[in-house]
Amino acid sequence: WCLLAGLMIADGLSPIAPPHQELLRSGLRIAWILSATVVVMRLTGRLVSVQSQHAQGAASVSLLANAARVAVLIVGFLVVFESLGVSIAPVLTALGVGGLAVALALQPTLSNLFSGFQLVASKKLRPGDFVRLDSGEEGFVDDINWRDTSLRTLGNNLVVIPNAKLAEARVTNLTLPMAQIALLVPVGVAYGSDLEQVERVTIDVATQIQRSVAGAVTDHTPSLYYNRLNDFSIDFNVALKVNGADDQALVRHAFIKALVARYRDENIAIPFPTRTLINDSSKPA
């Protein structure tokens, strides 16, 4: 801007022929408009990113920021055409006809673009949410851009999914409606076990883990539900609660480790898969 201001002062003081002077002034005017467009474009993109992050309480969505930047850039070029005396109406008409041809040629790209807007507008999938897809992938939503959505798995890998496929997939958002989630740990004991003792010991271990392990919800009361008479064991689920999806592994690890040690002390058997063969020798072969 200082350079442009200096050129404008030099233009007013130097004896330049009128045709060249008009050309110079048009160039300076275009430079002013484009530089202002770039500044407004950057500020708008940053503002949209901050507002998006504030509204969703997580990382910002780059799709919204990029859309705002493109909108400002288009307005800036229209202002340039207007300053050059070019009528905007024919330009808009040409852009409309050209846009229709481009839309027909870029259907997959536009499908991903509008699917991305749909995902952002619904607010059911936000950066920072922990989701599980029907194909088995799970992780934190890292970003939603114009083409795809990236998931960061617990192993710190990046899974990239096209927005159109994500919009059609069945997605389980483990962060909504609340970040705290239930952690169900399946356990099986032998048929000869005293189920009252099993329930008492298991709840005691689960309560200790719930109170002492980082990531567990300390005020949650664990519960136990028998659910199946299996081939060689009586199965049940222990319901714990953790603060977030990334806390599941640590709490599950600590609970299983403590539970096995306590079962050994209480002589509660966790059976191996077994098969009983009965040979009835009373009948002739």
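1. Where is the place of S223? S223 sits in strand 7, which covers residues 223-229; helices (H or I, at least four residues) and strands (E, at least two) are DSSP runs, numbered from the N terminus. S223 counts as buried because its relative accessibility is 19%, and buried means under 20% relative accessible area, exposed over 50% and partly exposed in between, with a 1.4 Å probe and protein chains only. Leaving aside neighbours within four places in sequence, S223 is in contact (heavy atoms within 4.5 Å) with I203, N237, V238 and A239.

2. A word on the basis of all this. This is a predicted model, where local features need pLDDT of at least 70 and side-chain atom pairs count only at pLDDT 80 or more, while totals for chains, interfaces and linings use all residues. Residues are numbered from 1 along each chain as its sequence is written, and side-chain values use heavy atoms, with hydrogens and water left out.

3. Now the overall picture. The protein chain has eight helices and eight strands, and 33% of its 285 residues are buried. Of the contacts with a separation of 6 or more, 63% are between residues 24 or more positions apart. The chain exposes about 17,800 Å², with carbon and sulfur atoms supplying 62% of that area; accessible areas come from the Shrake-Rupley method with a 1.4 Å probe, and for residues only the protein chains shown count as cover.

4. The largest nonpolar core has 28 residues. Such a core is a set of buried Ala, Val, Leu, Ile, Met, Phe, Trp, Tyr and Cys residues joined through side-chain atoms within 4.5 Å. F236, V238, L240, V251, F255 and Y263 have the most contacts inside this core. Strand 6 (181-189), helix 7 (195-212), strand 8 (234-242) and helix 8 (248-265) each supply at least two of its residues. Take F236 as a way in: setting aside neighbours within four places in sequence, its contacts include V185, V198, L224, Y226 and Y263.

5. A second, separate core has eleven residues, among them V120, V131, L151 and I161. In soluble globular proteins, nonpolar side chains tend to be buried together.

6. Next, a hairpin to look at. Strand 3 (residues 148-152) and strand 4 (residues 158-162) run antiparallel and are joined by five bridges; two strands pair if DSSP finds at least two bridges between them. R152 has L158 of strand 4 as its bridge partner. Five residues lie between the two strands, and N156 in the turn has a positive phi of about 65°.

7. How many salt bridges does the count come to? The count is five, taking a salt bridge as a side-chain nitrogen of Lys or Arg within 4 Å of a carboxyl oxygen of Asp or Glu. One of them joins D148 and R147 (3.2 Å, N to O). D148 is buried, with a relative accessible area of 11%, whereas R147 is partly exposed at 37%.

8. R262 deserves a look of its own. The side chain of R262 meets D204 at 2.7 Å, N to O, linking distant parts of the chain: R262 is in helix 8 and D204 in helix 7, 58 residues apart. R262 also forms a salt bridge with E266 (3.3 Å, N to O), and D204, R262 and E266 are linked in a network of salt bridges. R262 is partly exposed because its relative accessible area is 24%; D204 is partly exposed at 31%, and E266 is partly exposed at 27%.
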